[in-house]
Each structure stands twice: as structure tokens, then as C-alpha cells.
Amino acid sequence: MKKTMLLVAVLLAALPWPGQAQQARRLSFILNFLAGGPQAGFIYAQSLGLYKQAGIDLTIQEGKGSATTAQLVATGQADLGFADAPAAMQLRSVGAPVKIIAPVLQTNGFAIISLADEHIEKPADLIGKRLAVQPGTAQTTLLDAILSANGITGKVNVVNIDPGALVGALLQKRVDAILAGADFQGVQITDRGFKINELYYRDIGVPTVGLSIVARDDRIEKDADLFRAFIAVSLEGWARARANPDAAAEAVHAQYPSASTDQIAKQLRVDLALLCAPGATALGEVPRPVWTRTWELLTAYLNLPKAKPVSDYYTDALLPADPPKCQ
């Protein structure tokens with residue numbers, strides 16, 4: 001951690017600021033959604049004063065979905081954003097100048113969630129079952145990949161459902177399983193006292209890169225040192241949240257009290273398991289096979305152009321030389 005913060009200080013000292021006194025550089029950062037466990041590393045770092053120590057005056061704004069966040073960054077309405085990688089990649093594929101500069105959750109937290117008494121413990125157990133999906137979400141878009149990878153295409157009864165009714169439909173047994181987020185709906189359901197089974201996408205054939213820091217192409221070049229410092233501090237914040245999840249949850253609740261500290265902590269513990277993909281050695285450094293598999297899935301199921309290589313969608317040039325290690 002000390003090496004990371006030393007690197008941040010070196011990076012900020014190199015920024016071309018006029019005058020004798022260095023003033024904090026302002027940055028606006030928009031989250032993918034409402035603040036909670038999946039965003040805790042950034043908010044914890046801010047509460048500890050890490051961005052301020054690095055010369056960054058950071059404003060964090062809650063978001064309304066990854067696609068909207070990526071669009072706001074692409075149009076210059078935010079300096080940086082936190083968005084699901086497939087959403088950012090899909091936007092870039094149609095010409096938007098937005099690129100991934102630091103994956104935080106190296107695999108996604110999407111899951112097929114069912115009550116334990118349904119005994120859905122593997123994809124084949126879904127055959128003949130009612131699976132509720134939310135139209136337009138990344139989970140639903142990638143469902144065909146799940147079905148194909150597990151040889152059950154056409155064998156599952158897929159039911160479109162309103163997002164607000166998703167959890168209720170499962171608990172009332174109007175459906176047998178739902179497509180959802182393990183760190184959101186999964187926590188909601190277990191908080192109500194129900195035992196569940198979760199089939200993570202990453203474990204059943206669809207390990208796409210998850211929530212990532214994104215930026216505009218022109219800003220990546222213009223503000224490279226500033227963005228490097230932001231990434232280094234952010235990854236340090238996530239490392240500290242990993243070491244102190246309860247304190248990180250308290251920090252989120254203190255700034256965004258709509259969710260309880262206990263619920264945020266439960267969400268965060270799910271997300272901490274997603275910080276490193278299989279084979280990863282450090283935070284922010286996604287193994288090449290995970291990137292390749294993400295590209296293969298998105299070109300097959302989200303119509304990304306095969307002529308554009310996966311390397312066009314992200315850059316690792318701004319990652320710190322010595323990021324926090326995977327555990």
C-alpha cells in the first residue's frame with residue numbers, strides 16, 4: 001500500500017500545474033448506480049482522504065445504469081465513470097469515444113438465483129423451469145450465451161418481468177429462478193431469511209469483465225497523469241475496503257444513508273470476491289483470456305464488430321506499476 005501511495009505522489013508531482021502552489025485538480029466521477037457495496041472502494045478512499053492527499057478534488061455522483069454512465073462520459077458530461085464493461089464496449093462499438101481504463105470487478109456478479117428448495121444447482125436443472133428476466137439488461141442480453149454454453153437452448157421457459165416484481169415473483173413461486181445480481185437481489189432475498197442457490201455467470205460459461213473505470217479517448221491522452229493517479233488511489237481504496245469491509249460499509253452509509261450498513265457490507269463481501277478473475281495476480285489487471293472470452297461473447301451476442309479487436313475497447317497504459325495484489 002505504501003508503494004502505491006508513493007507512486008500516486010510521484011504522478012501528481014509531475015502534473016503541469018502553474019504557479020508555486022499546487023492546487024487540487026477537480027474530477028467528476030459518476031457511478032453506475034446508487035451507492036452501495038459495488039461502489040464502496042471509491043467512497044472509502046474518499047472518506048480516508050486518499051484522493052485529497054493525491055491532489056484530487058473528487059466529486060462522486062450516483063448513476064442511473066451503466067449504459068447511461070458510459071454515455072455521460074462519452075459526451076463529456078463527466079470526467080470519469082464506473083460502468084459495466086459490456087455496456088461501455090457496446091457503446092464504443094457504435095462510435096462513442098469511451099474506453100475502459102481500469103477494470104475493478106474483473107468478472108461480473110450476474111447470477112441465476114433460485115430458492116434452495118427448487119434444487120437448481122447446475123444449468124441443466126433449469127430445463128422445463130420458469131426463468132424470469134428483465135428485458136434490456138446485460139444479464140438478459142447474455143442469457144443466450146448461458147443457454148448455448150450449457151446445451152439448454154430452447155429448453156427453458158423464459159418469462160419477461162418488470163424489474164420491481166423480480167424478487168417478489170421468485171419468493172411467491174410464480175417463477176422458479178431469476179436473472180439478477182448476486183450483490184443486489186441475492187442479498188435482498190437472503191436478508192429476508194430465504195436460502196438460495198446462485199449460479200454465477202462466470203462459473204457457467206460467461207465470465208465477462210465487470211464494473212470498470214471508463215474515460216473519453218481525448219481525456220485519456222490529455223489527462224494521462226491525472227487519470228493514472230485517480231486509478232492508483234481507487235485501487236488502493238478497494239484494497240483497503242478488502243482489508244476493512246465493515247469500515248468501508250460504514251463510510252458508504254455515512255455519505256449515502258438510504259441503505260443500511262449491514263446491507264452494504266453484505267453487498268461488498270460479494271463484490272470483493274469479484275476483484276480478481278481466475279489467474280489474475282493484481283487488482284486492475286485482467287488476464288488476457290478473460291478479455292478474449294468477453295470479446296468472443298459480445299461479438300456473438302451483442303453484435304460487436306468482429307473486425308474491431310478487443311484491444312480497441314480498453315487500455316492498460318494508465319494502470320499503476322505496482323498495484324495491490326490479489327489474495
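Is Lys129 buried, partly exposed or exposed, and at what relative accessibility? Lys129 counts as partly exposed, at 24% relative accessibility. Buried means under 20% relative accessible area, exposed over 50%, and partly exposed in between, with a 1.4 Å probe and protein chains only.

This is a predicted model, in which local features need pLDDT of at least 70, side-chain atom pairs count only at pLDDT 80 or more, and totals for chains, interfaces and linings use all residues. Residues are numbered from 1 along each chain as its sequence is written, and side-chain values use heavy atoms, with hydrogens and water left out.

## Salt bridges

Side chains of opposite charge can pair when their charged atoms come close. The structure holds 20 salt bridges. A salt bridge is a side-chain nitrogen of Lys or Arg within 4 Å of a carboxyl oxygen of Asp or Glu. The table gives three of these pairs, including the one made by Lys129.

| Pair | Closest N and O atoms |
|---|---|
| Glu118 and Lys129 | 4.0 Å |
| Arg219 and Asp223 | 2.5 Å |
| Glu236 and Arg240 | 3.0 Å |

Glu118 pairs with Lys129. Both residues lie in the loop between β5 and β6, so the pair ties together parts that are 11 residues apart in sequence. Helices (H or I, at least four residues) and strands (E, at least two) are DSSP runs, numbered from the N terminus. Glu118 counts as buried, at 19% relative accessibility.

Glu236 and Arg240 sit in helix α11, residues 224-243. They are 4 residues apart there, which means a separation of about one helical turn. Glu236 is buried, at 0% relative accessibility. Arg240 is partly exposed, at 24%.

Arg219 bonds to Asp223. Asp223 has a relative accessible area of 8% and is buried. Arg219 and Asp223 also belong to a network of salt bridges that links them with Arg25 and Asp79.

## The largest pocket

Rolling a probe the size of a water molecule over the atoms shows where empty space is left. The largest pocket has a volume of about 1200 Å³. Its lining counts 48 residues, and the closest to the pocket centre are Asn32, Phe33, Gln139, Phe184 and Gln185. On a 1 Å grid over the protein atoms alone, a pocket is an open set of points where a 1.4 Å probe fits, with protein on both sides within 12 Å along at least five of seven lines; lining residues have an atom within 4 Å of a point. Grid points are joined across faces, edges and corners, and the volume is the space filled by probe spheres set on the points.

At least two residues each come from α4 (66-74), α5 (85-93), α6 (138-141), α8 (166-171), α9 (185-191) and α13 (261-272). By class, the lining has 20 nonpolar, 23 polar and 5 charged residues. Here Ala, Val, Leu, Ile, Met, Phe, Trp, Tyr, Cys and Pro count as nonpolar, Asp, Glu, Lys and Arg as charged, and the others, Gly among them, as polar.

Phe33 is found in the loop between β1 (25-30) and α2 (40-47). Phe33 is partly exposed, with a relative accessible area of 41%. Phe33, Leu34 and Phe184 make a nonpolar surface patch of about 280 Å². Such a patch is made of residues with over 30% relative accessible area and no salt bridge, with nonpolar side chains (Val, Leu, Ile, Met, Phe, Trp, Tyr) joined within 5 Å. Accessible areas come from the Shrake-Rupley method with a 1.4 Å probe.

## Backbone and distances

His119 has a phi near 60°, a positive value in a residue other than glycine. His119 lies in the loop between β5 (110-115) and β6 (130-133). It is exposed, at 53% relative accessibility.

Asn303 is in the segment after α14 (288-301). At 67% relative accessibility, Asn303 counts as exposed.

Asp322 is likewise placed in the segment after α14. Asp322 is partly exposed, at 29% relative accessibility. The C-alpha atoms of Asp322 and Val206 are 29 Å apart.

Ser212 is in strand β10, residues 211-216. Ser212 is buried, at 0% relative accessible area. Its C-alpha atom is separated by 30 Å from that of Leu115, 97 residues away along the chain.

Conventions
Patch = residues over 30% accessible without salt bridge, like charges linked within 9 Å, V, L, I, M, F, W, Y side chains within 5 Å.
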